[in-house]
Structure formats: C-alpha cells, structure tokens
Amino acid sequence: MKSERCRLSSYSTWPRDTNIVPEALAQAGLFYLCRADRVKCAFCGGILRNWGPSEEPMREHRKYFPTCPFLQHPMAAGNLMAEDESPDSVSMVSFSPSSLLYTSDGQSRY
Ligand SMILES: [Zn+2]
C-alpha cells in the first residue's frame, strides 16, 4: 500500500456521492477500508472518516496525525507515486520474471 497506484485501486467501491475524490485520498497516503467512508494511512495506520464536503485529505491527515512519517518525508517513508511507475518499467517486469520485485533502477518495488 506504499504505492499510490495500489492505494488508488482500493477505491473501486468508494461512495461516489462524497465530494472527496479517490485520487486526492491516494495522494495523501490513504487507502480505502471498504466500509462507509473510512480510509487508512499506509504509513502511520491512522484512520480517517466522516468526510465533510470541503475537507481535503492531505489537510485532514496532517491535522489528526501530524507525526505521520509520510507527511514528514514521503520519499523516506517509502512512498511510490503513480508517476514513478512508468509504463516502460511495467512492461519490463512482465517480460522478465526474475526482476518481478525490482524496478528498472534495481530498487525494490515493495
Ligand atoms: Zn499517516
């Protein structure tokens, strides 16, 4: 769940009548718990819910869990942004089973 794309895929049953978009939640380090509007941080384990129409995921995350490692240093916490996962490295992985857990730069994906 440290991959933004991975988090985003957890929102397949996210209630669409909320004003909060899954993209913003995933960017804030949160993934969906598939219950009501509960989301959980992949880094500090904090749970946020009862989203108001004008609330921003990143701001609420910081408000309730100011010590979260993701909010302090996203890269150091191991966050993988969606843009980091280029189509090139994905196709490379599918061609070479032995490099399944590694990106083209040799770093562990998970
Ligand atoms: Zn957090």
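Helices (H or I, at least four residues) and strands (E, at least two) are DSSP runs, numbered from the N terminus. This is a predicted model: local features need pLDDT of at least 70, side-chain atom pairs count only at pLDDT 80 or more, and totals for chains, interfaces and linings use all residues. Residues are numbered from 1 along each chain as its sequence is written.

View 1. From the N terminus the elements run α-α-β-β-β-α-α-α. The mean pLDDT (the predictor's confidence in each residue, from 0 to 100) is 83. A value of 70 or more is reached by 75% of the residues. Over residues 89-100 the pLDDT is below 50. Beyond near neighbours in sequence, that stretch has seven contacts in the model. Two residues are in contact if their C-beta atoms, placed from the backbone, lie within 7 Å. Of the contacts in the chain with a separation of 6 or more, 38% join residues 24 or more positions apart. The chain has 110 residues, and 23% of them are buried. Buried means 20 or more other C-beta atoms within 10 Å of the residue's own; exposed means 12 or fewer; partly exposed lies in between; C-beta atoms are placed from the backbone.

**View 2. The open sheet, in the order β1-β2-β3.** The pairing of the three strands is antiparallel. Strands count as paired if DSSP finds at least two bridges between them. β1 (30-32) and β3 (47-48) are the edge strands, each pairing on one side only. Three bridges join β1 to β2 (residues 39-41). Tyr-32 stands opposite Val-39 in β2.

**View 3. The loop between β1 and β2, with Cys-34 and Ala-36.** Most residues other than glycine have a negative phi. Cys-34 has a positive phi, near 60 degrees. Ala-36 also has a positive phi, near 50 degrees. Cys-34 is exposed because 11 other C-beta atoms lie within 10 Å. Ala-36 counts as exposed, with 11 C-beta neighbours inside 10 Å.

**View 4. The largest nonpolar core, with 15 residues.** A nonpolar core is a set of buried Ala, Val, Leu, Ile, Met, Phe, Trp, Tyr and Cys residues joined through C-beta atoms within 7 Å. Leu-25, Leu-30, Phe-31, Val-39, Cys-41 and Phe-43 touch the most other members. α2 (22-27), β1 and β2 each supply at least two residues of this core. β1 gives the most, with three residues. Leaving out residues up to four places away in sequence, Cys-41 touches Gly-29, Leu-30, Gly-46, His-61, Phe-65, Cys-68 and Phe-70.

**View 5. The two sides of α3, buried and exposed.** Pro-57, Glu-60 and His-61 are buried in α3. They cover an arc of only 100 degrees around the axis, so they lie on the same side of α3. The arc is that of the directions from the helix axis to the C-beta atoms. On the other side, Arg-59 and Lys-63 are exposed. The buried residues of α3 pack against α2, β1, β2, β3 and α4 (69-72).

**View 6. Gly-52 in the loop between β3 and α3 (57-64).** Gly-52 counts as exposed because it has 9 C-beta neighbours inside 10 Å. Gly-52 and Asn-19 are 33 residues apart along the chain. Their C-alpha atoms are separated by 7.9 Å.
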